[in-house]
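Please examine the sequence and the 3D structure shown below before reading the report.

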Amino acid sequence: MTLIRAENLTKKYDDGDTVVVALDRATLSLNSGEFIAVTGRSGSGKSTLFHQLGLIDTPTSGALAVLGTNVLSLTEKQKTAFRLKNIGYIFQDYALIPTLTAIENVALPLLMAGMPKAVAYAQARKTLDSVGLAGRAKHLPSQLSGGQQQRVSIARAVSHAPALILADEPTANLDHESSLSILGIFRKLTERGITVVMITHENEYAKMTDRVITLFDGTIESDTGK
Ligand code: ADP
Ligand code: MG
């Protein structure tokens, strides 16, 4: 099943003097359960693509359908609801709230989505278990290793069972072993039908996915899924 359909997706940044075409007519379809790597050198448009697919930003032109919904026609409020329900985000620096424990970080978006507290905490605990962090629920981020913090952030991203996980350089700050553990978790998520889009600089990790999309100066230079 097609999860995402983007057509001629374009993002221009205009500072008055110069216009940067950060993403230039990107056309792609991503399927349910697909594990996709997005690569390309620094400045090639990877994060810009992440922001467009994640509904964090609005493209200058083009069309974007996620789960059959024309997401560009949604109001800001509808977009927020759509993101909360369908998309999970993972960042290079984990983006955990430092004053909250692991389980509180994972439960927070569930509570924000209106889930009763007991249910949210039960679900958060289950998700932490699934990433191998059952024994670390009450630790603060500062009491966890980088790899463990990233696993908390994955638990947070998947606890509401989204259809799409977007990860922007999730292993950039991790050692090899922790990176492989993160890739293993992503692989397991795709086996459950979740689509994982992982931005990475590392060729070795890109090769472990199902499909590699390479950006160059904002355009899709190659796509092994084609
Ligand atoms: P990557 O993630 O591949 O390193 P980005 O998507 O961050 O690349 O950036 C692509 C291009 O768009 C770069 O030339 C960058 O300088 C430019 N760019 C990104 N974000 C902005 C912004 N908010 N304002 C102006 N230019 C931007
Ligand atoms: Mg980037």
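This report describes the surroundings of the ligand and then the nonpolar cores.

The model is predicted, with local features needing pLDDT of at least 70 and side-chain atom pairs counting only at pLDDT 80 or more, while totals for chains, interfaces and linings use all residues. Residues are numbered from 1 along each chain as its sequence is written, chains are lettered from A and ligands numbered from 1 in the order in which they are written, and side-chain values use heavy atoms, without hydrogens and water.

**Ligand 1**

The residues around ligand 1 include Tyr 13, Val 20, Ala 22 and Arg 41; each has a heavy atom within 4 Å of the ligand. Three residues of this shell come from α1, the largest share. The table lists polar contacts, which are pairs of N or O atoms within 3.5 Å.

| Residue | Atom type in the residue | Distance to an oxygen atom of ligand 1 |
|---|---|---|
| Gly 43 | backbone N or O | 2.7 Å |
| Lys 46 | side-chain N or O | 2.8 Å |
| Thr 48 | polar side-chain atom | 2.6 Å |

On its own, ligand 1 has 560 Å² of accessible area (Shrake-Rupley method, 1.4 Å probe), and the protein covers 58% of this area.

**Nonpolar cores**

A nonpolar core is a set of buried Ala, Val, Leu, Ile, Met, Phe, Trp, Tyr and Cys residues joined through side-chain atoms within 4.5 Å, where buried means under 20% relative accessible area (1.4 Å probe, protein chains only). The largest has 31 residues, and Val 152 and Phe 186 are among those with the most contacts inside it. A second, separate core has 27 residues, including Leu 23 and Tyr 89.

Notes. Polar contact = N/O pair within 3.5 Å; in protein donor to acceptor, adjacent residues only side chain to side chain. Helix = DSSP H or I, 4+ residues; strand = E, 2+ residues; numbered from the N terminus. Buried < 20%, exposed > 50% of the residue type's maximum accessible area, 1.4 Å probe, protein only.
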